[in-house]
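Please read these notes with the structure open beside you.

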Amino acid sequence: MCPSLRLTAHVGQWLEVLRRGRKVSQWQVAAELIYGQVKNISRRRKLVRVTHVRRLGTGAALTVTLQGLGLSGRLNTAFIERVNLTVRHGGAALARRTWATAKPAPQLLAHLEGWRASSHVVRPHTSLRVALMQPRERGGKLLAQRYQQRTPAMAAGRTNRCWTAREVLCHPLPPVPCFTI
């Protein structure tokens, strides 16, 4: 499935429309969705050209949204490349070139879900920290705490604290679908 279809499958609603005299359901992408794409064109393993494509929304809205997130306002692939690298490092068996043993698909999916849960609720991300209005004194020779560390789950409002690894391991994972290879 193409990336734009995967993204738009979660942002929108089903509408009943008339087509050839019959009522059919049709997926309508939300009007407020802004989607841009960076295309890298390579020849003989060398980058030749980078093209920025706006798929949904206006260029001005895309720039304003990116700047509102604290970014430069120009599309780039740095964020998604960093996420891909983090996922590859999170599970050695999921990396492309590795000495780790290959495992059946259900175990790989369970490993990925466990890593993802740990990454989202246990490990604070520096980019998500929030400056405190008043720095907290910690006593002794320690510097005052100036930031509140947050996990992605805290930033999304799903929890109000960092979980421990024990809590994540004791929390049941959703069932993993079985695949046959």
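Predicted model: local features only at pLDDT ≥ 70, side-chain atom pairs only at ≥ 80, totals over all residues.

1. Thr-159 sits in the loop that runs between helix H5 (152-155) and helix H6 (165-170). Is Thr-159 buried or exposed? Its relative accessible area is 18%, and buried means under 20%, so Thr-159 counts as buried.

2. The side chain of Thr-159 has two polar partners to look at. One is the backbone oxygen of Arg-161, reached at 3.5 Å. The other is the side chain of Trp-163, with a polar contact of 3.3 Å. Setting aside residues up to four places away in sequence, Thr-159 touches Ala-153 and Met-154.

3. Arg-161 comes up again in a salt bridge. The structure holds one such bridge, and its side chains are those of Glu-167 and Arg-161, with 3.0 Å from N to O.

4. Now the aromatic residues. The structure holds one aromatic pair. What type of pair do Trp-14 and Trp-27 form? Their ring centres are 5.2 Å apart and their planes stand at 70°; planes over 60 degrees apart count as edge-to-face, so this pair is edge-to-face.

5. Trp-14 belongs to strand E1 (residues 12-19) and Trp-27 to strand E2 (residues 22-29), so the pair ties together parts that are 13 residues apart in sequence. As for the surface, Trp-14 is exposed, with a relative accessible area of 58%, whereas Trp-27 is partly exposed at 26%.

6. Arg-129 lies over the face of Tyr-147, and the distance from the ring centre is 3.7 Å.

7. Two histidines deserve a paragraph each. His-52 is found in strand E4 (residues 46-56) and is partly exposed, at 33% relative accessibility. Which residues does His-52 contact, leaving aside its neighbours within four places in sequence? They are Gln-37, Val-38, Arg-74 and Leu-75. With Leu-75 there is also a polar approach: a polar atom of the His-52 side chain lies 3.0 Å from the backbone oxygen of Leu-75. The C-alpha atoms of His-52 and Lys-39 are separated by 6.3 Å, although these residues are 13 residues apart along the chain.

8. His-125 lies in strand E5 (residues 125-136). A polar atom of its side chain is 3.1 Å from the backbone oxygen of Ser-119. Ser-119 is also among the residues that His-125 touches when those up to four places away in sequence are not counted; the others are Gln-149, Arg-150 and Pro-152.

9. Last, the chain as a whole. How many helices and strands does the protein chain have? It has six helices and six strands, and from the N terminus on their order is α-β-β-β-β-α-α-α-β-β-α-α.

10. Some totals complete the picture. Of the 181 residues in the protein chain, 12% are buried; Thr-159, discussed above, is buried. The accessible surface of the chain is about 15000 Å², and carbon and sulfur atoms account for 56% of that surface. Among contacts in the chain with a separation of 6 or more, 35% join residues 24 or more positions apart.

Key:
Residues numbered from 1 in each chain as written. Heavy atoms only, no water. Phe/Tyr/Trp six-rings, centres within 6.5 Å; stacked < 30°, edge-to-face > 60°. Helix = DSSP H or I, 4+ residues; strand = E, 2+ residues; numbered from the N terminus. Buried < 20%, exposed > 50% of the residue type's maximum accessible area, 1.4 Å probe, protein only. Lys NZ or Arg CZ within 6 Å of the ring centre and 35° of its normal. Salt bridge = Lys/Arg side-chain N within 4 Å of Asp/Glu carboxyl O. Polar contact = N/O pair within 3.5 Å; in protein donor to acceptor, adjacent residues only side chain to side chain. Contact = heavy atoms within 4.5 Å. Areas by Shrake-Rupley, 256 points an atom, 1.4 Å probe, with all protein chains shown as cover.
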